[in-house]
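Hi everyone, thanks for making time.

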Amino acid sequence: MKHQAIAWLLAALITLPLAGSLFQLPIQVSDSLEAIVISTKYATASQLLEDSLRFSPTTFRPLRYLQTRWLLDATGAADLTYNAVFRGVHVLLLVLLVVLFVLAVRVRGQTDLAAFAVALPILIGIHTFVAMLQEAFPVNHYAEVGVCVLAVLVLAQRPPRWFFAPLICLLLALALSVIESGAMVWVMVICCAAAGLRGITRTTVATTTALLAGYFVLRHALDIASPGIGGHGSGFGATFYSSEELAQRFGAHPLGLIAYNVAGGLASLLLSEPRQGVYSLAIAWRDGVVHPILAINLVSSLVTTALLVWYGVRHLRAGRASWSDRNRLFVAASGVMVVNAVLTAAYIKDEIISPGGLCYAVAAFIACASLLETLPRRALVASVAIAALLTLDAALWTFRAAGVHYVLRYAAFKTRNDWVEVLREDKRTDWPQDPRELAVTQRIRDEALVRRVASPSFMPRWADRYWVE
Amino acid sequence: MVPCVVLAVLGAWWTVAGLWPADDVTLSEAVATRNNAEALRLIRLGTNPNEPFRVRAGLLTSDYEVTVTPVEAAVGAQRADALRMLLANGATIDGNEMRVLRCYEQVRRDSGIRELLGESRAPDCDGVRLPVDRAAR
């Protein structure tokens, strides 16, 4: 109990300032303003829901606009600023992610606590986490999916209860209705069931599978296609290609790129390389310059991934029947990582593999705890070497986690400046003609401009090289 | 445990004391540091975009502070977007100032700035003191 309390304390102390940095991000212009404007234009929420089903030929995200509408209504009802409400929800999702992570790993003793002290910085420091934090449509759908995925993992470890199946169906429905990555909730259900975690029953598997099938039928009925090659820009080797360039280069023979992307998605989770499909290593090789951030990310990920491999080889050979609860949790988390990489088939984005990033931290916790348990049985020299390696790894991940503040502050500075380009005085002819659209745009812009944020010019000069890619 | 505990302690400190609070800057400093949003906020609060303001050392010059107008800061920082924003929000450039700015652009070359300042011919900069030369050291 004492160790668990310390774990909660560590999590709280690290998350609190992170929430502060996240709250400083103004509402984004890209991806957010348009959705907010559209949501204000409709007289009723039901009309908005009906029309939003056909807003895009490749995406089915009915709750995207509806959630925005609810938050706009809440803003009016509570007499708060748009920033306070939208960023407040964003912060709430961050807190939920950390809370669910702590619940998922279940710290039970001194060894677990030490492993937790390694895994928590991994959770926050992995590149997929900060990428996820920066998203907003204007609600952070990737974080919503992350919360749902971790919630399933938490439930899966408990003895089955009658309400688990409907609750997990609800989580899946929520996740699927905000973004396609929501399918990862179903993947988590299947991985937990395959690993033999007791909270996932056949009923849960059957109902969630039926729900997912219904989702695809609905998409088909609405004639919504999946984005293919060229739907989004992505990298190949040392170069990032625009969507048009990708379609031109790989559109006729996409299999090679698909294989590259899937392998790259998994490599990105395990080695922090590539990023958005681009290998910084290849760039470093070409230019003869290795930036410190590349070395830090690569070494920290390599050590942690080696730990996962060690755990897998050592504990999973015996077969499913003899697996412990921790073994099963490890298998479920690893399975999600692998399947998550498949979602990057058309293009690689750090946000897409963010559920895998959460699972990476869970798997790292289990492997680290297991390795620490072996220390008393090892020779002194080996124990010291392992402890030193783990401390180095923890230090590197902690450094990466601290960098999230810098990245968020930098993003806040950029986002606030983006608003200067909206409703420009010298381009009044471009201003919206619709009075409601103009009013809401003006209000969000005013809110963003009055929120003072730190300028990178007054932050540490070295930070760019160590924390920004 | 140690790195994580250090981060937690730092986290507690950052929560109480605040991590990287927004700096108080003059309008010219905001422009010099690419902070167009802060510059616009200051103008909307009533700051005159045609007045000279102090810019601390290290922003436009390496080792001494200068006093320049926001428009001069935009030229010095090679920020065409900032110059355009200033001109759209009340900044003006008279004939003499235009010559100084065009000469300054010759030192801090930027095609976007050049375009905004008009004239494509190289200016006659004989006897022109650049804004950063006027500094009181």
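This is a predicted model: local features need pLDDT of at least 70, side-chain atom pairs count only at pLDDT 80 or more; totals for chains, interfaces and linings use all residues.

If you follow the sequence along, the order is α-α-α-β-β-α-α-α-α. The radius of gyration of chain B is 19 Å, while the globule rule gives 14 Å for 137 residues, so this chain is more spread out than a compact globule. You can see that in the C-alpha trace too, which spans about 65 × 30 × 30 Å along its principal axes.

How much of chain B is buried? Buried residues account for 50% of its 137 residues. As for the contacts in chain B between residues at least 6 apart in sequence, 59% of them join residues at least 24 apart.

Chain B has about 6,700 Å² of accessible surface, and carbon and sulfur atoms hold 49% of that. It carries 16 positive and 18 negative side chains, with the centres of the two sets 2 Å apart.

On to the cores. The largest nonpolar core has 134 residues, and those touching the most other members include A:Phe101, A:Phe116 and A:Leu120. Leaving aside residues up to four places away in sequence, A:Leu120 touches A:Leu10, A:Ala11, A:Ile14, A:Val98 and A:Phe101. Apart from that core lies another, of 39 residues, and among them are B:Val25, B:Ala82, B:Ala91 and B:Val128.

Thanks, and I'm happy to take questions.

Note on methods: Residues are numbered from 1 along each chain as its sequence is written. Chains are lettered from A and ligands numbered from 1 in the order in which they are written. Side-chain values use heavy atoms; hydrogens and water are left out. Helices (H or I, at least four residues) and strands (E, at least two) are DSSP runs, numbered from the N terminus. The radius of gyration is taken over C-alpha atoms; the globule rule is 2.2 Å times the number of residues to the power 0.38. Buried means under 20% relative accessible area, exposed over 50%, partly exposed in between (1.4 Å probe, protein chains only). Contact means heavy atoms within 4.5 Å. Accessible areas come from the Shrake-Rupley method with a 1.4 Å probe; for residues, only the protein chains shown count as cover. Lys and Arg count as positive and Asp and Glu as negative; His and the chain ends are not counted. The place of a charge is taken as NZ of Lys, CZ of Arg, CG of Asp or CD of Glu. A nonpolar core is a set of buried Ala, Val, Leu, Ile, Met, Phe, Trp, Tyr and Cys residues joined through side-chain atoms within 4.5 Å.
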